[in-house]
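I opened the notebook to work through some side chains, helices and cores.

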Amino acid sequence: MPRYTVHVRGEWLAVPCQTGTNTVRWLGKEAVRRYMKNKPDNGGFASVEEVKFCVRRCKGLGLLDHDDTLEDTLEDNEFVEVAIEGDVMSSDFIASKLEGVDLYSKYQEPEKYIYLDGNSLTPEDLVNLGKGLYKIKLTPEAEAKVRQSREVIERIVKEQTVVYGITTGFGKFARTVIPTSKLKELQVNLVRSHSAGVGKPLIPARSRMLLALRINVLAKGYSGISLETLQQVIEAFNASCLPYIPEKGTVGASGDLAPLSHLALGFIGEGKMWSPKSGWADAKYVLQAHGLKPITLKPKEGLALINGTQMISSLGCEAVERASAIARQADIVAALTLEVLKGTTRAFDTDIHAVRAHRGQIEVAFRFRSLLDSDHHPSEIAESHRFCDRVQDAYTLRCCPQVHGVANDTIAFVKDIITTEINSATDNPMVFAERGETISGGNFHGEYPAKALDYLAIGVHELAAISERRIERLCNPSLSELPAFLVTEGGLNSGFMIAHCTAAALVSENKALCHPSSVDSLSTSAATEDHVSMGGWAARKALKVIEHVEQVLAIELLAACQGIEFLRPLRTTTPLEKVYDLVRSVVRPWLKDRFMAPDIEAAHRLLLEQKVWEVAVPYIEKYRREHIPESRPVSPTAFSLDSLRMNKCVGTDHSDQD
């Protein structure tokens, strides 16, 4: 017998259907009838017949024709909403319009698995889990460790030993011993009371990352969760059943209690939950629709699910991966700008960077050479100004290896910390099966990822700060020798005037967002938790800073490609022509003023999907193969007068002193 889950005025009703030939109108009336039956005043209606309504799917909000049959329109266990005419509350509830949910309209259940053991997860793995590319299984070794740690908990309960969080209250109530008969209730109360977050919910990809990371930590075998419960959590992940998790509420010690409690709340069948099949609905119905049952928490299991730094660290993984992607593409965008401004590659000479051997600086200089080396990739633009009388470039061009380089080194440093963190046990108390005991400690404190992500924001922001200055040089005719704001008929057309203002606004916002959140601490839990990391905000604002960096570089990419239009028919190097062609595949040249925001979004999407990197990296790696080892001893004669004369030229800065 098919059954449908119907939302009416904030309530979810299970409506069985005797036959699939019943119509959508019948389903709506039956749902309203059941709703009225549960209300003392019949919900304010005299009869079902007087109620006017429309019926729509929860997923996608598609309206259904009242005369269509259910068997032709809906799948068994599908979620629908009856929106009563005149009501406004129903549409407010349907959360399917949340940012990012539309990406799941094409969701396909993954066939591949990632095996988790708590020790070998990478940030890239976690981001891919967030995208829904993999399901999860535990390794046999992880399963064995989980069983062993649970045996310790069972013995503690059996012997009625006083242990924090297992047989006692939490925080300030750590000295309150709980009767054995109420230990399960203790765990449920913990999850309910700590589900106190506010703000927008995490988008599905971030919820998946948070859930996957918590599973990875539990797989280490130091949390005391039972294998049965952990497998239930994994089954929910594999079905993409994602609880409603508000993004605000964690102070980053004792772990990310509020968001992880919301995560656990869904698994015990309370609160809201989302899946590609159901959209948003009550958690118990979403689980039921996927053939899953709510978890019944055993002693210690509520605490095992909510105690840790996984909110900070999962968002940190996304931040690190996006930062890595935009940092390497920033080099390509800047190289294109340098070509348009008729700059020199002399500042990227191998020997200059060999004597200041920071890894990031050396790599960025190499990338510039690989894209701009006129001997390797002939450039008609470079050839056109080979014998000009300019000496050197402005810092925003000349110092890219030094500025971009430290951003790359910052990302590498932060990635190392985040990788360690996502493979760390961050519970309290810790269960050591080999010693047969639990030990209270402070691994839940989020200071490590909080400090690292504050540093990441500061380091990556500089990519936007220097990019905005390059946009200024492209738009300013006194610096670029190009038409003002990169458009013909200036005055009639404004061109990139306000696009540059947007870049400046984003850079200014970043300056405020780069203030470290981890320098703050507020005492909580009646001074029991008297120093906290504020890592949740560190992670969220790092992501916002990185998004702004992406958008600023998208504007520079558009401006540089527009600058190329004014240098035609001259062509740049082969790899940069490929970048130009990529941009022109989604954004046409700017001949006169038009609606610009979609162009910026299209360029941003290219960077977000790493398309710019994909078209350039084959040339970068080919150059690497042909020029490594490239370094040689620096000698006083390394720079001949002829070589200097052949390479001296810049776009704007004529100073010989700096």
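I started with a pair in helix H21 (residues 535–565): glutamate 547 and lysine 544 sit 3 residues apart there, so about one helical turn separates them. I noted that this is a predicted model. The two side chains form a salt bridge, with the closest N and O atoms 2.9 Å apart. I then checked accessibility. Glutamate 547 is at 22% relative accessibility and therefore counts as partly exposed. Lysine 544 is partly exposed too, with a relative accessible area of 37%.

Side chains of opposite charge can pair when their charged atoms come close.

**Entry: other salt bridges**

I searched the whole structure and got 35 salt bridges. One of them joins glutamate 154 to arginine 150, with 3.0 Å between the closest N and O atoms. This pair lies in helix H5 (residues 140–159), 4 residues apart, which means a separation of about one helical turn. Are the two partners buried or exposed? I found glutamate 154 partly exposed at 40% relative accessibility. Arginine 150 is buried, at 6%.

I also logged aspartate 349 with arginine 346, a salt bridge at 3.9 Å, N to O. Aspartate 349 has a relative accessible area of 15%, so it is buried.

Which residues are linked in a network of salt bridges? I listed Asp331, Glu363, Arg367, Glu621 and Arg624.

**Entry: asparagine 408**

I moved to helix H17 (residues 400–422), where asparagine 408 is placed. Its relative accessibility is 16%, so I put asparagine 408 down as buried. What does the side chain of asparagine 408 reach? I traced it to the backbone oxygen of histidine 404, at 2.8 Å. Next I set aside the neighbours within four places in sequence. Asparagine 408 is then in contact with Ala327, Gly360, Val364 and Arg367.

**Entry: cysteine 399**

I stepped back to the loop between helix H16 (395–398) and H17, where cysteine 399 is found. Cysteine 399 counts as partly exposed, because its relative accessibility is 22%. I checked cysteine 399 against alanine 365. They are 34 residues apart in sequence, and their C-alpha atoms are 9.5 Å apart in space.

**Entry: the cores**

I turned to the nonpolar residues. The largest nonpolar core has 162 residues. Which of its members touch the most other members? They are Ile215, Leu453, Leu456, Val460, Phe496 and Leu557. I followed up leucine 557. Not counting residues up to four places away in sequence, leucine 557 touches Val333, Leu336, Val579, Val583, Leu607 and Val612. There is also a second, separate core of 23 residues, and I noted Val6, Ala31, Leu74 and Val82 among its members.

**Entry: helix H7**

I closed with helix H7 (residues 204–218), which has 15 residues. From first C-alpha to last, H7 reaches 21 Å, close to the 21 Å expected at 1.5 Å a residue. How many residues of H7 are buried? I counted 13 of the 15, so H7 is largely enclosed by the rest of the structure.

Methods: Residues numbered from 1 in each chain as written. Predicted model: local features only at pLDDT ≥ 70, side-chain atom pairs only at ≥ 80, totals over all residues. Heavy atoms only, no water. Helix = DSSP H or I, 4+ residues; strand = E, 2+ residues; numbered from the N terminus. Buried < 20%, exposed > 50% of the residue type's maximum accessible area, 1.4 Å probe, protein only. Polar contact = N/O pair within 3.5 Å; in protein donor to acceptor, adjacent residues only side chain to side chain. Contact = heavy atoms within 4.5 Å. Salt bridge = Lys/Arg side-chain N within 4 Å of Asp/Glu carboxyl O. Core = buried A, V, L, I, M, F, W, Y, C linked by side-chain atoms within 4.5 Å. Expected span 1.5 Å × (residues − 1).
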